[in-house]
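My notes are below, in the order I looked things up.

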Amino acid sequence: MAQVRQGDMVRAFLDANLTGIVESISYENSGETLMVGGVPPTVAVASIRCADGSLRRVRTTELYVETQQLSR
């Protein structure tokens with residue numbers, strides 16, 4: 001499975017109607033309990049610009065890359 005990156009065309013696993021281009025990726029606290037000696041748990045969240053112009057925020061683990069940009 002390809003890593004989701006900015007500029008990728010993506011589709012959600014559970015909602016096939018959710019497609020768009022990744023505008024940015026941010027990291028947020030997941031809210032899980034911190035284990036002793038561990039690092040704070042974070043989750044990668046992608047901001048996706050849909051075809052209708054709306055902006056949706058979805059965890060990157062719920063997305064897959066449809067086509068990759070060749071200009072990387």
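What follows goes from the whole chain down to single residues.

**Ground rules.** I am working with a predicted model, where local features need pLDDT of at least 70, side-chain atom pairs count only at pLDDT 80 or more, and totals for chains, interfaces and linings use all residues. Residues are numbered from 1 along each chain as its sequence is written, and side-chain values use heavy atoms, with hydrogens and water left out.

**Whole chain.** I looked up the secondary structure and got 0 helices and 5 strands, in the order β-β-β-β-β from the N terminus. Both kinds of element are DSSP runs, numbered from the N terminus: helices are H or I with at least four residues, strands are E with at least two. The C-alpha trace spans about 45 × 25 × 20 Å along its principal axes. Of the 72 residues, 25% are buried; the cut-offs are under 20% relative accessible area for buried, over 50% for exposed and partly exposed in between, with a 1.4 Å probe and protein chains only. Among contacts (heavy atoms within 4.5 Å) with a separation of 6 or more, 44% join residues 24 or more positions apart.

**β3 and its partners.** I went to β3 (42-50) next. It is mostly covered, with 7 of its 9 residues buried. β3 pairs with β2 in the antiparallel sense over 9 bridges, and Y27 has A44 in β3 as its bridge partner. β3 also pairs with β4 (residues 55-59), again antiparallel, over 5 bridges. For two strands to pair, DSSP must find at least two bridges between them. β3 and β4 form a hairpin with 4 residues between them, and G53 in the turn has a positive phi of about 95 degrees.

**S47.** Leaving out residues up to four places away in sequence, S47 touches I21, V22, E23, S24, L55, R56 and R57.

**Core.** Which residues make up the largest nonpolar core? I listed 11: V4, V10, A12, L18, V22, A46, I48, C50, V58, L63 and V65. Such a core is a set of buried Ala, Val, Leu, Ile, Met, Phe, Trp, Tyr and Cys residues joined through side-chain atoms within 4.5 Å. β1 (9-12), β3 and β5 (63-67) each give two or more residues, and β3 gives the most, with 3. Beyond neighbours within four places in sequence, A12 is in contact with L18, E62, L63 and Y64.

**Rings.** I found 1 aromatic pair. The ring centres of F13 and Y64 are 5.2 Å apart and their planes lie at 35 degrees, so I logged the pair as tilted. Rings of Phe, Tyr and Trp (its six-membered ring) pair with centres within 6.5 Å; planes under 30 degrees apart are stacked, over 60 edge-to-face and the rest tilted. F13 sits in the loop between β1 and β2 and Y64 in β5, 51 residues apart. F13 is partly exposed at 45% relative accessibility, and Y64 is partly exposed at 30%.
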